[in-house]
Amino acid sequence: MSFRHRLRRDWPLLLMVLPVVVLLGVFHYFPTLGNVIAFQDYSPYAGIRGSDFIGFANFSRMFSEPAFWKAVANTLSITTVQLIFFFPIPIALALLLNSVLSARIRGLIQGVVYLPHFFSWVLVVSLFQQMIGGAGLLAQTLRDHGHSAVDLMTKPDTFILLVTAQSVWKDAGWGMIVFLAALSTINPALYEAAAADGANRWRRLWHITLPALRPVIVLLLILRLGDALTVGFEQFILQRSAVGGGAAEVLDTYVYYQGLLVGDFGYGAAAGLFKGVVGLVLVLAANRFAHLVGEQGVYSKS
Amino acid sequence: MTARAVWEEEPTAVGRVGKPVVLALIALAVAFPLYVVVVTSLSTTEAVTRAGGLVVIPRELTIAAYVQLLSGGVVTRALVISVGITLVGTAFSLGITVLAAYGLSRPGSLFHRPLLFVVLLTFLFGPGIIPSYLVVNSLGLIDHYASLILPAAISGFNLIVMRSFFMGIPGELIDSARIDGAGEFAILRRVVLPLSKAVVAVVGLFYAVGYWNAFFNALLYINDNSKWPLQMVLRTYIVQQQPLPTGAGGVASGVGLGLQAAPGLAIKMAIVVIAIVPVLLVYPFIQRHFQKGVIIGAVKG
């Protein structure tokens, strides 16, 4: 079929896609190109065209900046802690819920644990503050019983556990969905056969349930590793002033403060670009790895 | 009681007691903070003072805090702004997402692969805060409500979810409509959309929640605090515990809220509740579609 014939046939479809393509062009692809200011001594008055190119000067300055490496270290340690403490929880939750026989109770609990996923980070931080903050319920109860009050929201030492707890509270239930779906596809006849062969409940969990979950677990694990530099943004911006930059400065907040608040746009863009490029490489590598171990990966070659 | 499979063992005593306890604790961990916040927001000043802060056991209930907050002032204005942004933004996002999802869902159509690639590529990287800010700034959108809608208007994930759903609609239905003389827009409106209410509802909810919860775009793009959406008010007043600005740019604790006296804890908690309520209102209607929607979204490409 000729191009003109296809164009005459498909122009309404192209028209339908147009608004989205324009929006993505203006607010995604165009700013992506705008990252060239990372290589400039950018001045807002001169603009991109008027500013001088200075090569990798922003980057070399960044790499010699202890505050930048502190942000990298914070980001990576938060990723690690979340991987250890957050990642297994949705799996455990799904297994537990899947073993509940009553469909009504199952649905009720699901409805409750999904809910916080739809709350904003501002709201989640507010609620945590009211529960375990300096003027919160925990401190209040401790004071009432003659103990000294604690403020878990402003301690830099335990900040990493605090943000992990917040992530668990907000998203563990939501993370459970994929595992529940995988569990629902397991053929019950497998369990029956295993039981007939004398496998007790733990053996059935080990030999049937967990192998069925393995593809999903591997995939999500790889995805998480690919996203290692992204630990969430709002959560840290919101709490940075309470615990100080020493514990709460991650790469994203570093970009925000150095670039936007200080007004050092070229430098901030360099830090952002560093994060973006390393992130992209990690995601591509993770996806390649997922294909290698025989899983579907983030995107399949369509 | 639901039947247990014949081959399954009776639960041990530990399991019989432990499981309900764990489940109850999990549900409580989510519900308890919400409960405390709601009860405190409904308490009188005296009840809050007597409890020494947050109220757990409800006594002397009143809706005074809400009456005060909603009778004009910073919170009322922020609420109106947030509701407006959410309604307008959701309608806009949903509209162009439906169009694009259908436009990309007909196999073999012209440019369908490269256009799909343009959408999928957005999953891999974000443009970065600084360049995004500069673009929004150069478009003159700073302090404009459009800056809260346009940059966040398209979620590639939502688009792909919807496209996957559309692709599952039998091609015969679409072909027969075409034979009857329907154009693509008519097919979308008369055939595809009526079959897709569930996915439109889920994607609409995702967009709506996104707009309602949006905080970061407001932080970046809205400097004029008389244009703050609710999340910014929540952040300033609850998280940072600063007094709220009045519309004129000055700072006043009671006056700005439309209050006579300095606002107490009940008022603060009422602001939190106001931020939660819309989510709670739409949640039950769409909850049953989640699982399906999210699983569809997992099958990309």
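In helix 13 of chain B, the buried residues are Leu230(B), Gln231(B), Met232(B), Val233(B), Leu234(B), Arg235(B), Thr236(B), Tyr237(B), Ile238(B) and Val239(B), where buried means under 20% relative accessible area with a 1.4 Å probe, counting protein chains only, and where helices are DSSP runs of H or I of at least four residues, numbered from the N terminus. Before I go on, this is a predicted model, in which local features need pLDDT of at least 70 and side-chain atom pairs count only at pLDDT 80 or more, while totals for chains, interfaces and linings use all residues. Residues are numbered from 1 along each chain as its sequence is written, chains are lettered from A and ligands numbered from 1 in the order in which they are written, and side-chain values use heavy atoms, with hydrogens and water left out.

The buried residues of helix 13 pack against helix 7 (121-132) and helix 12 (234-243) of chain A, and also against elements of chain B, including helix 4 (74-103) and helix 14 (265-286). Just past this helix, Gln241(B) has a positive phi of about 55°.

Turning to the interface, 97 residues of chain B and 92 residues of chain A take part in the contact, meaning heavy atoms within 4.5 Å. Of the side of chain B that touches chain A, 70 residues are nonpolar, 17 polar and ten charged, with Ala, Val, Leu, Ile, Met, Phe, Trp, Tyr, Cys and Pro counted as nonpolar, Asp, Glu, Lys and Arg as charged, and the others, Gly among them, as polar.

The rule finds one salt bridge across this interface, that is, a side-chain nitrogen of Lys or Arg within 4 Å of a carboxyl oxygen of Asp or Glu, and Glu9(B) meets Arg204(A) in a salt bridge at 3.0 Å, N to O.

Key. Buried < 20%, exposed > 50% of the residue type's maximum accessible area, 1.4 Å probe, protein only. Helix = DSSP H or I, 4+ residues; strand = E, 2+ residues; numbered from the N terminus.
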